[in-house]
Amino acid sequence: EVEEYNYDEPVPGNNTVGSDWFSDAMFIGDSRMKSIMNYAASEGWFTPGADYSLVGLTVSNVYSEYVNVNGTSMTVSDAIMLPGSFTKCYIFLGINELGWGSPERFIECYEELVELVKSAHPDMQIYIIGNMPLGDKALSSGSWLTNENVLRFNGYIKQVAAEEQVYYIDVFD
């Protein structure tokens with residue numbers, strides 16, 4: 001008997017995977033994801049299936065921000081819709097949205113993004129990553145930039161994961 005996965009809980013942190021795990025993975029994220037992707041490439045850790053991360057990306061501007069895909073400039077949303085043999089998608093967004101006054105709008109936009117990925121790649125495993133704690137530099141740069149706010153938004157992200165039946169990765173702890 002196959003046990004049902006509990007999408008209300010984060011993915012357990014004890015499963016290691018080899019570098020080939022990411023060769024058919026799509027990555028969507030902001031500057032933090034872009035930094036991870038750049039570091040992974042420079043260290044030779046892995047080569048992703050697709051990297052659609054860029055500085056300043058948010059859950060709402062994936063429809064208006066452009067990435068380069070094999071020499072062609074297109075919106076992140078159009079890149080997501082491209083056919084491909086992706087089996088996994090990692091979404092790491094939410095830090096640029098901490099100043100948003102409407103949690104409902106954040107949740108709605110995040111759900112729309114997850115549904116866009118699902119519509120383009122119905123059999124894909126989707127992992128959404130919560131926000132990391134903020135460092136001293138970030139904590140001193142805006143009144144909305146607090147670790148309490150990060151935890152609040154992580155709660156919204158976790159809620160989206162549960163509602164959309166996708167995996168949540170907790171990187172705050």
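**Helices, sheet and hairpin**

Q: Which residues of H3 meet H5, and which residues do they meet there?
A: In this predicted model, the H3 side of the contact consists of Pro103, Phe106, Ile107, Tyr110, Glu111, Val114, Glu115 and Lys118. They meet Arg152, Phe153, Tyr156, Ile157, Gln159, Val160, Glu163 and Glu164 in H5.

Q: What is that contact of H3 with H5 like by class?
A: It has nine nonpolar residues, one polar residue and six charged residues.

Q: And at what angle do H3 and H5 pack?
A: Helix H3, residues 103-120, and helix H5, residues 147-164, pack at about 40°, and their axes are 10 Å apart. H3 and H5 are therefore oblique to each other. The crossing in which H3 passes H5 is right-handed.

Q: Moving to the sheet, what is the order of its strands?
A: The order is E2-E1-E5-E6-E7, in an open sheet of five strands with parallel pairing. Strand E2 (50-53) and strand E7 (167-169) are the edge strands, each pairing on one side only. From one strand to the next, the twist averages 20°.

Q: How many bridges join E1 to E2?
A: Strand E1, residues 25-29, is joined to E2 by four bridges, and the two run parallel. As an example, methionine 26 has alanine 50 in E2 as its bridge partner.

Q: Which strands does H1 touch?
A: Helix H1, residues 31-43, packs on the sheet and touches E1, E2, strand E5 (88-92) and strand E6 (125-129). The direction of H1 makes about 145° with that of E2.

Q: Where does H5 pack, then?
A: H5 also packs on the sheet, where it touches E6 and E7. Its direction makes about 155° with that of E7.

Q: Changing topic, how do E3 and E4 run, parallel or antiparallel?
A: Strand E3 (residues 66-69) and strand E4 (residues 72-75) run antiparallel, joined by four bridges. Asparagine 68 stands opposite serine 73 in E4.

Q: What lies between the strands of that hairpin?
A: The hairpin of E3 and E4 has two residues between its strands, and asparagine 70 takes a positive phi near 50°.

Q: Stepping back, how many helices and strands are in the protein chain?
A: The protein chain contains five helices and seven strands. From the N terminus on, its elements run β-α-β-β-β-α-β-α-β-α-α-β.

Q: Why is the chain said to be as compact as a globular protein of that length?
A: Its radius of gyration is 16 Å, close to the 16 Å that the globule rule gives for 173 residues, so the chain is as compact as a globular protein of that length. Its C-alpha trace spans about 45 × 40 × 30 Å along the principal axes.

Note on methods: Residues are numbered from 1 along each chain as its sequence is written. This is a predicted model: local features need pLDDT of at least 70, side-chain atom pairs count only at pLDDT 80 or more; totals for chains, interfaces and linings use all residues. Side-chain values use heavy atoms; hydrogens and water are left out. Axes are lines fitted to C-alpha atoms, for helices over the stretch in contact, and angles run from 0 to 180 degrees between N-to-C directions. Angles under 35 degrees count as roughly parallel, over 145 as roughly antiparallel, 65 to 115 as roughly perpendicular and the rest as oblique. A crossing is left-handed if the near helix is turned anticlockwise from the far one by less than a right angle, and right-handed if clockwise. Contact means heavy atoms within 4.5 Å. Ala, Val, Leu, Ile, Met, Phe, Trp, Tyr, Cys and Pro count as nonpolar, Asp, Glu, Lys and Arg as charged, and the others, Gly among them, as polar. Two strands pair if DSSP finds at least two bridges between them. The radius of gyration is taken over C-alpha atoms; the globule rule is 2.2 Å times the number of residues to the power 0.38.
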